[in-house]
Amino acid sequence: MSSENTTTAAMPDVTGKAAHRAVRYAKFTIGYNVIEGIIAIAAGTVAGAVSLIGFGVDSGIEVAAAVVVLVRLLAEIKGGEPDEAKERKALKFIAVTFFALAAYVTVEGIRDLIGGEKPDTSLVGIVLTGVSIVIMPWLARAKRKAGLEMNSRLVVADAAETKLCAWLSVSTFAGLLAFAVFGWTWLDPVAGFVIAAFAIMEGKEAWEGELVCDDGCEDDKDKAAPADGKSCSDDCH
């Protein structure tokens, strides 16, 4: 296969229905995470739950990442040239914010463990994260399907970010529910530590620019077509 054919195969198709679905998914991600973040931070502040506050802050950061994705998609659909330099700078800022979130929930979690702080049970937080457990996996699958149909690393990488959010919802929900049932004060800071781990993972991916690694990636020839079901976004450099 010639290098020209490889490049052509790697170009995303922004003319079909999948591209427009991807735009709708990006807009839904922004809207949902804005609402989720506001509710989570407010409920976490009232209950004194570090994990729930961290979950809400993570939602806000995800909004910023989704905006980068949406702007890129719209530019490609309209035939414009996306400004990858600006996108990478934005993602590096998002990465730093993820790292700051990890540091915050870690420090607060350690402080609560040492000081024996006891958060209040948050029914709002339990319901919110429970809803997210249903919505986020569906959204991640839908994004990935659209991304594979488009042959777009951008959308597939965004789907991976959403999948991480789904796991984050599970860990936060489990911590909040277990605390409500058993009353173990250490569950909230431990759930916060899990959020810190997810934030570091997401921050690392943002720093490495995976969400703008669409046309400039180093491709293996056998990954040019998405028919094998594998995401080439995982091997972007």
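This note goes through a few contacts in the model, point by point.

1. **Basis.** This is a predicted model, with residues numbered from 1 along each chain as its sequence is written. Local features need pLDDT of at least 70, side-chain atom pairs count only at pLDDT 80 or more, totals for chains, interfaces and linings use all residues, and side-chain values use heavy atoms, leaving out hydrogens and water.

2. **Tyr25 and Trp138.** The structure holds three aromatic pairs. Rings of Phe, Tyr and Trp (its six-membered ring) pair if their centres lie within 6.5 Å; planes under 30 degrees apart are stacked, over 60 edge-to-face, and the rest tilted. Tyr25 and Trp138 are edge-to-face, at 6.2 Å centre to centre and 85 degrees between the planes. Tyr25 lies in helix 2 (residues 17-47) and Trp138 in helix 5 (residues 123-150), so this pair ties together parts 113 residues apart in sequence. Helices are DSSP runs (H or I, at least four residues), numbered from the N terminus.

3. **Burial.** Tyr25 is buried, at 15% relative accessible area. Trp138 is partly exposed, at 42%. The cut-offs use a 1.4 Å probe and protein chains only: buried is under 20%, exposed over 50%, partly exposed in between.

4. **Phe28 and Trp138.** The ring centres of Phe28 and Trp138 are 6.1 Å apart and the planes stand at 90 degrees, so this pair is edge-to-face. Phe28 is in helix 2 and Trp138 in helix 5, 110 residues apart. Phe28 is partly exposed, at 36% relative accessibility. Tyr25, Phe28, Tyr32 and Trp138 form one aromatic cluster.

5. **Helix 3 and helix 6.** Helix 3 (residues 50-77) and helix 6 (residues 153-182) pack at about 170 degrees, with axes 11 Å apart. Axes are lines fitted to C-alpha atoms over the stretch in contact; angles run from 0 to 180 degrees between N-to-C directions. The two helices are therefore roughly antiparallel; that label needs an angle over 145 degrees. Contact means heavy atoms within 4.5 Å. Among the residues making it are Phe55 and Leu73 of helix 3, and Cys165 and Leu176 of helix 6.

6. **Ala102.** Where is Ala102 found? Ala102 is in helix 4 (residues 84-115). Ala102 is buried, at 5% relative accessible area. Not counting residues up to four places away in sequence, Ala102 touches Ala196, Ala199 and Ile200. Ala102 and Ile200 are 98 residues apart in sequence, but 6.4 Å apart in space, C-alpha to C-alpha.

Terms used:
Angles under 35 degrees count as roughly parallel, over 145 as roughly antiparallel, 65 to 115 as roughly perpendicular and the rest as oblique.
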